[in-house]
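Biologist: I would like to go through this protein with you. Please set each value against its definition.

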Amino acid sequence: MTRTHILGFPRIGAHRELKFALEAHWRGDIDAAALEAVGAELRARHWALQRQAGLDFVTVGDFAFYDQVLNHIQLLGCEPRRFGLSADEPELARAFAMARGVRAGEAAGTHALEMTKWFDTNYHYLVPEFGPATVFGGIASERLFDEVAQAQALGHPVKVVLLGPLSFLWLGKEKAPGFDRLSLLDALLPVYEQVLARLKAEGVDWVQIDEPILGLDLPESWRQSFERSYWQIARNAPRLLLATYFSPLQENLRLACQLPVAGLHVDAVRAPEELTGVADWLPAHKVLSIGIVDGRNIWRTDLDAALGRLKPVAAKHRGELWLAPSCSLLHVPFGLQAEQGLDAELRSWLSFACEKLEELQLLRRALAGDADIEPALAEARAAIASRRHSPRVRRADVALRLARRVDGDDRRASPFAQRQATQRRRFALPPLPTTTIGSFPQTGAIRAQRAAHRRGALSAEAYAQAMRDEIARVVKAQESLDLDVLVHGEPERNDMVEYFGEQLDGYAFTANGWVQSYGSRCVKPPLIYGDVARPAAMTVEWTAHAQSLTRRPMKGMLTGPVTMLQWAFVRDDQPRSLTCEQIAWALRDEVCDLERAGIGMIQIDEPAFREGLPLRRAGWKAYLDWAGRAFRLCASGVRDDTQIHTHMCYSEFNDILAEIAALDADVITIETSRSDMELLRGFGGEGAMRYPNEIGPGVYDIHSPRVPPVEEMLRLLRKAADVVPPGHLWVNPDCGLKTRGWPETEAALANMVAAAKRMRAELGLGAQVAATGGAELAEA
């Protein structure tokens, strides 16, 4: 028997209903009961879609008001004590206090839980905190069980999804020196036993238990913990479907097949070569769930190719076969129904979450020999052939440019020390110069003007004047705050990737293709369907206008090639490295145009640089080689006195520090405030391990509405100065300020500038770097 199911579904809703409800609740416009009602309605609607599509189960436990890992922190009773949370406080209020750093109506708060990328995706999860004082208080949340009861009351067959105990511990972080979070396993497993036993008692037959870390290079102690853990938690549990995704199992394949569970899910998109091995090792009495539809990209499934992979496995595995997407559909947009504006050819190439449910049913029926689906299969074949042979996909001029590459075309003309001296003479900045990462608040008025311009209600000239007025406001505010290096605020940009993609050939855009990044933050990734080229300058006019309004240095702001790649739905008909290099050449033209326009500082943001790393270390070198080349390629065509900045955030960088240094950006800014400067540790290493160029560790978290006091930022700067030479330090927020309001932005930046000035005084540094004193200051 072949069944179909999914590992998870987009929770934001077809029209981002969850986002708008969350933000209304945080503003105080709706209460918790109203927010819960929105959640219940979305779940019911999504379960109905799953059943209407013919799935054998609805998946329960994939919904979260902020983050699924945060849900587990509350379920397992391990909320960090530092938040001072009381059991008398409502569960949602406690969750938002941990996620955002503040309670409703509270001004100060504390720093929120650290946030980082979910494996190599663009989803951010909240990081559990572990230490010797961590306790797991038994079942501490009723939310999961209430959702099970809701699905059962609606008459749905339920499959619950849980994050497995070892992955939960792995994804957390030790908060005490020398502490090993794996030592908490024995205390954690009894709580999993309680949860699973209760689910069984409440009539749940199947639990999907996610252990994606089985696709990683695990220490032996972690590998050895799987068998004993699963023997313990499976004793009184429903039937368990162990789910892995994102990466091949490799040395963990036999382990995963032999664990005491009722079934195994494998990612046949990321690791199709392992299907034969899984079929060999998995006992016949266990369910084999094959992730055959891509849960992370938006291209229509080649059903003939998928069937070609499925049929030999179906013939070999004598047990029950389930078909599924490779991973949760959280990572793709909701559905194509809202995309009537896309041209028919391009639309025929696509498959979003709802369409992927339909593809599963076609595959199941095809495996069963159902002749009635032949018209649907023919339609799918025609779409695949259309995409494969479309003349809009390939460009001879782009291919020729890449073919003319030469050795050294990705290198600056002079070493950093020489460039640094030249740049210091040009800019004469004070020590610990202050700046921001790029964007300033995108107000309702800005969004309204952009929307009016798009629908033709505001002329191009009127829109341009409105944006120039906003740029002038941003420049004036920065000068009033006494920031040293300014930005134009990016009011004209809807998104740091979409804005550029709209001006590049080879990109397409959806009207409603939103996916969740974290909390209420949603992004609308562009689609890269063909060869990429830049037909005209994209940012020069805005940046040059901003520079004309001030005598202080104005940074040009670009999104880097790796992030342009990672934060898009990328074509899968050629290597990602080739697409990335096409983007890099296009951006190189923009960098050179900015320099010709008199812009002396250019920031090329690469927040996604680390998230592109393959999950297995064996693939790191190849990725870092082409990703590093792409960044250097777009940055290397400028003079020594043009200062190249980059920005990275919400990732662990210490294990690729040498490769980040090899990017050779003159200044790097990184997120460090949520980790209390922990992420800076590697950048201040000894000797060859020390980051050689200048660095701006973020001193306040822009993803929280709280305004950090001067003393808090000063404490972080002192920690930074302990590991980085003060002459190489910059002072800046963690990230862009787009999502913040003006009052909190101005208050936080005023505190940041004050902290920088106090730090200069503490270090006895002069007000300005003399043209001849740069080298001495760098060694201070």
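**Reading the model**

Modeller: Charge comes first. The protein chain carries 90 positive and 101 negative side chains, and the centres of the two sets lie 1 Å apart. Lys and Arg count as positive, Asp and Glu as negative, while His and the chain ends are not counted. Each charge is placed at NZ of Lys, CZ of Arg, CG of Asp or CD of Glu. This is a predicted model, in which local features need pLDDT of at least 70 and side-chain atom pairs count only at pLDDT 80 or more, whereas totals for chains, interfaces and linings use all residues. Residues are numbered from 1 along each chain as its sequence is written, and side-chain values use heavy atoms, with hydrogens and water left out.

Biologist: How many helices and strands are there in the protein chain?

Modeller: There are 27 helices and 22 strands. Both are DSSP runs, numbered from the N terminus: helices are H or I with at least four residues, strands are E with at least two.

Biologist: Why is Gln423 called buried?

Modeller: Buried means under 20% relative accessible area, exposed over 50%, and partly exposed in between (1.4 Å probe, protein chains only). Gln423 has 3%, so it is buried. Gln423 sits in helix α16 (residues 416-427). Beyond its neighbours within four places in sequence, Gln423 has contacts (heavy atoms within 4.5 Å) that include Arg412, Asp640 and Asp666. Across the protein chain, 63% of the 780 residues count as buried.

Biologist: What makes Asp482 partly exposed?

Modeller: Asp482 has 28% relative accessibility, so it counts as partly exposed. Asp482 lies in the loop between α18 (460-481) and α19 (498-501). Its phi is positive, about 70°, although Asp482 is not a glycine.

Biologist: Is Phe119 buried or exposed?

Modeller: Phe119 is buried, because its relative accessible area is 12%. Phe119 also has a positive phi, near 55°, in a residue other than glycine. Its place is the loop between β3 (115-117) and β4 (124-126).

Biologist: How do you know that Cys522 is too far from Cys354 for a bond?

Modeller: A disulfide is a covalent bond between the sulfur atoms of two cysteines. The rule here asks for a pair of cysteine sulfur atoms within 2.5 Å. The sulfur of Cys522 is 16 Å from its closest cysteine sulfur, in Cys354, so that is too far. Cys522 counts as buried, because its relative accessibility is 6%.

Biologist: What about Cys634?

Modeller: The closest cysteine sulfur to that of Cys634 is in Cys580, at 8.7 Å, so this is too far for a bond. Cys634 counts as buried, at 1% relative accessibility. By this rule, the count is zero disulfides.

Biologist: Where is Cys649?

Modeller: Cys649 lies in the loop between β20 (643-648) and α24 (657-662). Cys649 is buried, because its relative accessible area is 6%. Leaving aside neighbours within four places in sequence, Cys649 is in contact with Pro607, Glu671, Asp734 and Cys735.
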